[in-house]
Amino acid sequence: MWCLNKAVASFMQRQPVTSLSSTAVAETWASVSVSSWRKYRSPKLVRKENELSSCQKSLSKTEEEVDELTKQLSQSDNERKRLQAELRELRARVADLTRQLDEAKKQLEGEVLMRVDLENRCQGLKEELSFKTNIHEQQMSEMQKRKTVEISEIDGELKEKYEARMHDVLLELREQYEDQLNENRSQIESIYETKLDELSRRADLYSNDAELMNTTLRDSQNRSKELTSRLAQLESSNRALQARVSELENLLESERGSHLSELQRLREEINRLQKEMAMQLQEYQDLMDIKIALDMEIAAYRRMLESEEERLNITPGRTAAALQERISARGGTPLRGVKRKRTMFSDEETTKAEFKSTATTTGAVHIVEEDVDGKFIKLHNKGDKEYSLSGHQLIRSTENEEINPVVYKFHRSYKLAPDATATVWSSDAGETHDPPATLVMKNLKWPTDEAITTRLVNNEGETVAERESKKMMVSYSSSLERPYGSLSQRSTLEGDERCSVM
C-alpha cells in the first residue's frame, strides 16, 4: 500500500494539476493491479479515492473556467479590434473637420475684410449724401427766400384775401363732391400759378392787374356756385335713385318669396300627382296581370273543350238550333245538323335581350339615366338648394376585368342648380361642350358590357348615388286562334302578350 501511494505521489509531482485530464487519471489508475488494490485496500485508501474524485471535479470546473476565459478573451480581442477601427475612423473625421475649420477660418477672414471694405464705402457714401443734402437744403432755403421776396412784392392784402376765399371754396367742394374737387383744384391751381407768375413778371409794368384778378375771382366764385348747385342736383337725383333701388329690391324680395311659395306648392302638387300616378300605374299593372292570367286560363279551357269535342265528335246543340232557325227564316229546308267549324290554337314565343336598371341615392343628386351604348350619363338635382360637385367623381365600371373603369372628375367650381339636369357625354358622341347642362369628356368614352355600374363619389370617397344595369333575356308569348286547315293562314289574336324574365 505504501508503494502504491508513493507511485501515485510521484506521478502527481511529474504532472501539474492544471494539465491533468480525466483520461490520464483513468489510465493511471487502470495500470495498477486490481488485485493489489483489493489486497491492500484500507480506510485511508478510500479517503484518498474521495479526495481524488473531488480533485477530478475541481479539475473539470477549472477546465470549464479556462474555456470561458478563453471565449471572453476572444470577445475582448474582437471588441478591441472594433474600437481600433472606430478610433481610426474618428481620427480621419477629426482631420477632415480640422481641415474644414481652417478653410472656414480663411473664409471668415476674407469676409471680415470684405465687410470692413463695404463699411468704409458705406461710410463714404453716407458722408457724400450728407454733404449733398446740406447743399440741397441751402439751395432750397435760398430759393424760398427769393420766392418770398418776389411774392411779398405783390399786394399782400389781395393775395391773402384771394387765398382765403380759394381755400374756403376748395374745402366746400372737397366735402360735397370729391371726384370733381381734384379736377377743379388742379385747374384753379394752374390758373393761380399762371397768374402769379404773370403778376411777378409784370408787376412794374401793369398796375391795373388787380381788377383782372378780381374778375377772375368773381368768375371762380360763380363757377363754384354753379358746381355747388350741380352737386346738389346730383345728390337729389342720387337719393331718388337710391329710393327707387330700395323699392325695386323690396319688390324683388316679395316677388321672390311669392315665386318660391308658388314653386313649393307646384312641387308638392307634382309629388302628389306622381304618387297618384304610381298608385294608378300599380293598380293598372295588377289588373293587366289578372287579365293576362284570365286570358291564359280561358284559352287553356277553350283548347281543352275543343280537343274534347274533337275527340268525342260532339257538335253543340245551340249552334245547330241557331242554324236551323236561320235557314227556316230564309224559307229553306232545315238541315239535320250543322257541324261546328273547328279552330286551332297556336302559341308563339319570342325572346330578346333587354337591360334592367336599379338606382339608389343618399343625397339630393341621383343618376336618372344612362345610355347602355356608352354615349351619356344624366344627373338630376331633386333638392331645393344648389349642390356643389367640387371634387366629385363619376365612375363607370363593368364586370369584365379587362375593361378599365372610366372616371370623370368635375371641376372644383361646378355647381348643379335646384331641379336641374346635367348630362356627361362621351368624346365620340358628337355633342358640344356647353356647361353647366352639357359636359363632354376629353378623349374618353363610357364603357359598355352586359353588366355596368355607375357611381357618383364625393371628395371623401363616399358613394352619393349609384345605378346598376344588367342585360337580361326577356321572352314574349302570344296565343293565336285560326281556322283548322285554312289556306289563307289568317289568324286572329285572342290573347295579349305576356312578358316573363328568364
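Patches, in this presentation, are made of residues with over 30% relative accessible area and no salt bridge, where like charges are joined within 9 Å and nonpolar side chains (Val, Leu, Ile, Met, Phe, Trp, Tyr) within 5 Å. The structure is a predicted model, in which local features need pLDDT of at least 70 and side-chain atom pairs count only at pLDDT 80 or more, while totals for chains, interfaces and linings use all residues. Residues are numbered from 1 along each chain as its sequence is written, and side-chain values use heavy atoms, leaving out hydrogens and water.

Let us begin with charge. Glu 63, Glu 64, Glu 65, Asp 67 and Glu 68 make up a negative surface patch; Asp and Glu count as negative, Lys and Arg as positive, and His and the chain ends are not counted. Glu 63 belongs to helix H4, residues 43–152; helices here are DSSP runs (H or I, at least four residues), numbered from the N terminus. With 36% relative accessibility, Glu 63 is partly exposed, a class that lies between buried (under 20% relative accessible area) and exposed (over 50%), using a 1.4 Å probe and protein chains only. The buried residues of H4 are Leu 45, Leu 52 and Leu 59.

I turn now to salt bridges, each a side-chain nitrogen of Lys or Arg within 4 Å of a carboxyl oxygen of Asp or Glu. The whole structure contains 17 salt bridges. In one of them, Arg 99 meets Asp 96 at 2.5 Å, N to O. Both residues lie in H4, three residues apart, about one turn of the helix. An α-helix has 3.6 residues a turn, so residues three or four places apart point the same way.

Methods:
Accessible areas come from the Shrake-Rupley method with a 1.4 Å probe; for residues, only the protein chains shown count as cover. The place of a charge is taken as NZ of Lys, CZ of Arg, CG of Asp or CD of Glu. Helices (H or I, at least four residues) and strands (E, at least two) are DSSP runs, numbered from the N terminus.
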